[in-house]
Amino acid sequence: MKAVVVALGKIGLPLAVQIARAGHEVVGCDIDDRVVSLVNAGKEPFPGETGLAEGLKATVGAGTLRAQADTTEAVAAGPDLVVAVPPLYVDAAAKPDWETLDAVTAAIGRGLKPGTTVVVETTVPVGSTRARLAPGLEKASGLREGTDFHLAFSPERVFSGRVFADLATYPKLIGGLSAAGEARAAELYREFIAAEVRELGSAEAAELAKLAETTYRDVNIAYANELARAADAWGLDVEKVIDASNSQPFSHIHRPGVAVGGHCIPVYPRFFLEGAPEAQLPRVARDVNEAMPAYAVDMLGDVAGQTVLVLGVAYRGGVKETAFSGAAALRDELERRGACGVFSDPLFDDNEMQAHGYPVWDGGPVDAAIVQADHAEYRELRPADLPGATRVVDGRGVLDAERFDGVAVKRIGRP
Ligand SMILES: NC(=O)c1ccc[n+]([C@@H]2O[C@H](COP(=O)([O-])OP(=O)(O)OC[C@H]3O[C@@H](n4cnc5c(N)ncnc54)[C@H](O)[C@@H]3O)[C@@H](O)[C@H]2O)c1
């Protein structure tokens, strides 16, 4: 099989390696020249993806994977499969900005040859593959979907950092615009996915499956957060309560926390709501989760005029990514209450933090601290690492409270 993978990011690049490693010939396309030259040198353009360095070395070394900037040219060579997984950026209210996805669709369309199957993996609102992406490909190519080429949707469901392990185990969902297109896309995916490739009967079902699983997590976390707030009022330990509830097979309650961040879980419930405006639960869940940073600040008491250290600008531990990070909500909340928020993160240098709009902690004394991200490094923290802090809110339950003798450490939902 000959394949083209468009957008060699945290998801696209491991996918390109996966296809090449299964013995196929892959051209990866990315507009970022730095990414293209690093991939062609067999080097990973970003850290943290297990097995990527080895996979790149093996496939680029064997000549089965190479990268280039020009998507149209790669698609014009007439591959069997084109997989596109560019980002779909959103504004602060999670409204999609279609510019990148439209540009990628047009670039693919300009090179598209009869017989090629295109699969989009970027998470989109329900109906987008049929109503937006197919017309975009048809317009740029002059070809007809279903007659000259096929278009299908297959949601990317992996967790960055362990993409290869997830690709090996999670069923790969595929939905086509026609039965023939879906069958062809599934046939091609079975060439490189060892796990079940599950045909869902329509692109819309596959689009909704991704929104359903991510919205489920948001709603579940919101419920855990409400339990935690009630536990705080009752003086109970929500961790013990959730563990106890989950000890029978019908309860799967998630964990409470200071924020739900990243470009997936806070965003996709909004995509769902855009198509299903009468739905109530996802909307309420969003409100509950978005109120958690303010709740964490409440737990510190009056912070006016004080310096509060926020540990972690990444949206979660171990990932160098700030999209919809709880750090931004904490920064705004602290400012609203007249406190001075200062920030630190082991994954970001001072310039990077400033560029993201976070005042950098100079290591000097602070009045209080909030743990925002569950970085592994924070498990080792001691009071001396937070000089002057008399109150600490551990928003992720990572601190070793026994080390904090003499400092009030408060965890969400735990006495
Ligand atoms: N990262 C995750 O954990 C995750 C999980 C599930 C799903 N996803 C899905 O994957 C999509 C991509 O996410 P990601 O984390 O890989 O993004 P990313 O930011 O890591 O990478 C995006 C890549 O796209 C490239 N790009 C941008 N415009 C392009 C264009 N016009 N042509 C070619 N390349 C272009 C960029 O240069 C970059 O290398 C998301 O929108 C989401 O739908 C991501």
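Colleague: What distance separates the centres of domain 2 and domain 3, taken over C-alpha atoms?

Modeller: The two centres are 22 Å apart, going by C-alpha atoms. The bounds, from an automatic or database domain assignment, are 2-201 for domain 1, 210-290 for domain 2 and 292-411 for domain 3. This is a predicted model, where local features need pLDDT of at least 70 and side-chain atom pairs count only at pLDDT 80 or more, while totals for chains, interfaces and linings use all residues. Residues are numbered from 1 along each chain as its sequence is written.

Colleague: How many residues of domain 2 and domain 3 are in contact?

Modeller: Eleven residues of domain 2 meet 16 of domain 3. In contact means that the C-beta atoms of two residues, placed from the backbone, lie within 7 Å. The domain 2 side of this has four nonpolar, six polar and one charged residues. Here Ala, Val, Leu, Ile, Met, Phe, Trp, Tyr, Cys and Pro count as nonpolar, Asp, Glu, Lys and Arg as charged, and the others, Gly among them, as polar.

Colleague: What makes β3 and β10 edge strands?

Modeller: Strands are DSSP runs of E, at least two residues, and helices are runs of H or I, at least four, numbered from the N terminus. Two strands pair if DSSP finds at least two bridges between them. The open sheet of eight strands runs β3-β2-β1-β4-β7-β8-β9-β10, with mixed pairing. β3 (65-68) and β10 (197-199) each have a single partner strand, so one side of each lacks a neighbour in the sheet.

Colleague: How do you know that β1 and β2 pair?

Modeller: Residues 2-6 (β1) and 25-29 (β2) share five bridges, in the parallel sense. The cut-off is at least two, so they count as paired. Val6, for instance, has Cys29 in β2 as its bridge partner.

Colleague: Why is α14 called largely enclosed?

Modeller: A residue is buried if 20 or more other C-beta atoms lie within 10 Å of its own, exposed if 12 or fewer, and partly exposed in between, with C-beta atoms placed from the backbone. Eight of the eleven residues of α14 (326-336) are buried, so the rest of the structure largely encloses this helix. Among them are Gly326, Leu330, Arg331 and Glu333. Their cover includes α13 (292-298), β11 (307-311), β12 (340-344) and β13 (368-371). After α14 comes Gly338, with a positive phi near 75°.
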